[in-house]
Amino acid sequence: MGLVFRKSIKLFKGVKLNLSKSGPSLSFGKTGMRATVGANGKVTGSVGIPGTGVYYRKTANVKKLVDKTKEKEEKKKAKTSKKEEKQNNGSISLEEYNARRKGAESLASENNEDMQEYEAYVQSMEDIVSVHKTADPVIDWDNVSGKDMLELKESVMNGDIDSYLYVIGEMQPFDDLLEYGSEFEVGEDQNEGEIAVEFHVKSEEVVPEEELDINAGGQIVVKKMAAGKRNELIKDYVCSCVLRVARDTFSMLPIDVVNVYALDKVLNTATGNEEDVCIVKARISRSSLYGINFEKVDPSDCLENIGCEMKYSKTKGFRPLDD
């Protein structure tokens with residue numbers, strides 16, 4: 001509560017020029033309820049009792065009020081920006097992204113295309129190390145019937161190699177593996193009654209040198225795949241194919257052993273050229289595959305457990321077996 005004595009000059013209705021030692025000011029309003037703006041930026045709201053000269057007043061500084069409001073807005077923007085930066089920092093997995101996508105109403109067309117490309121990439125990486133998970137239907141030669149099949153059945157059951165090759169030629173068990181860039185040759189192994197299957201893995205064509213990721217904004221991120229990671233991927237791919245070749249061969253023929261030879265192009269440091277060399281030899285018996293859960297098994301661990309020949313290191317990849 002304070003006593004206020006004013007000297008004022010009326011400019012026009014509702015507006016007065018106030019003169020005081022502290023400087024001039026303008027007053028707006030009617031008797032008893034006025035607002036005064038001083039030269040120093042202060043705003044004084046006055047409520048008084050008409051005729052008494054006694055007023056209650058509250059003062060605020062316009063400049064400080066504006067500055068304070070501006071500062072508050074800047075802090076709010078900075079906080080929002082920091083939150084967005086935290087959300088957008090780094091890459092997320094496909095599972096995390098799908099969880100976010102379910103809660104979103106829509107995505108931009110460009111982001112949808114990126115997401116489809118990423119999903120296709122992830123699936124292709126899964127496919128090349130999952131070749132072993134499926135196999136052709138098993139032919140039950142004991143119960144093969146039909147006049148046209150009896151002669152073939154007898155030859156196959158007697159271990160005739162020409163009959164083996166005829167069945168493989170007719171059934172084409174490895175055709176669905178050609179999409180991985182492999183070529184297959186089947187023949188009689190040096191061990192009597194055993195089949196040999198040789199194939200080219202063509203890892204340079206099948207396993208990419210770059211990998212894709214998806215960021216928080218749903219955009220594709222392309223980067224060079226680390227050498228160690230790519231070598232491990234190639235190893236799993238080759239081992240997966242070896243297991244699949246063995247499974248398909250056992251499905252077609254009543255044999256106990258198949259010898260699988262995996263070839264690939266490897267740099268010959270003596271000539272400076274890439275040459276087709278054998279990188280994996282595996283003598284796989286039918287009994288060694290019993291009890292294996294092919295859906296969950298790691299192809300490299302599985303093949304190494306069964307027994308095979310390979311020269312491999314994570315840093316250098318496969319090396320020729322004849323080194």
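What we have here is a predicted model, in which local features need pLDDT of at least 70 and side-chain atom pairs count only at pLDDT 80 or more, while totals for chains, interfaces and linings use all residues. Residues are numbered from 1 along each chain as its sequence is written, and side-chain values use heavy atoms, with hydrogens and water left out.

Let me start with the chain as a whole. The secondary structure of the protein chain comes to 8 helices and 16 strands. Of its 323 residues, 35% are buried, where buried means under 20% relative accessible area, exposed means over 50%, and partly exposed is in between, with a 1.4 Å probe and protein chains only. The chain exposes about 20700 Å², and carbon and sulfur atoms supply 50% of that area; accessible areas come from the Shrake-Rupley method with a 1.4 Å probe, and for residues only the protein chains shown count as cover. Taking contact to mean heavy atoms within 4.5 Å, 53% of the contacts between residues at least 6 apart in sequence join residues at least 24 apart.

Ile139 is partly exposed, with a relative accessible area of 24%, and, not counting residues up to four places away in sequence, Ile139 touches Val144, Met171, Ser251 and Met252. The C-alpha atoms of Ile139 and Met252 are separated by 5.8 Å, although the two residues are 113 apart along the chain.

His132 has its place in the loop between α3 (109–128) and α4 (147–157). Is His132 buried or exposed? His132 is buried, at a relative accessible area of 0%, and beyond its neighbours within four places in sequence it is in contact with Ser240, Leu243, Arg244, Arg247, Phe294, Val297 and Pro299.

Now to helix packing. Two packed helices are described by the angle between their axes and the distance between the axes. Here axes are lines fitted to C-alpha atoms, for helices over the stretch in contact, and angles run from 0 to 180 degrees between N-to-C directions.

The axes of α7 (residues 227–252) and α8 (residues 299–306) come within 8 Å and cross at roughly 60 degrees. These two helices are therefore oblique to each other, given that angles under 35 degrees count as roughly parallel, over 145 as roughly antiparallel, 65 to 115 as roughly perpendicular and the rest as oblique. Among the residues making this contact are Ser240 and Leu243 of α7 and Pro299 of α8. By class, the contact of α7 with α8 has 7 nonpolar, 2 polar and 3 charged residues; Ala, Val, Leu, Ile, Met, Phe, Trp, Tyr, Cys and Pro count as nonpolar, Asp, Glu, Lys and Arg as charged, and the others, Gly among them, as polar.

In the second pair, α4 and α5 (residues 161–171) pack at about 120 degrees with their axes 7 Å apart, which makes α4 oblique to α5. Leu152, Ser155 and Val156 of α4 meet Ser163, Tyr164, Tyr166 and Val167 of α5, and that contact divides into 5 nonpolar, 2 polar and no charged residues.

Last, a strand residue: Lys223, in β12 (residues 220–224), is partly exposed at 43% relative accessible area. Leaving aside neighbours within four places in sequence, Lys223 is in contact with Glu210 and Glu211.

Conventions. Helices (H or I, at least four residues) and strands (E, at least two) are DSSP runs, numbered from the N terminus.
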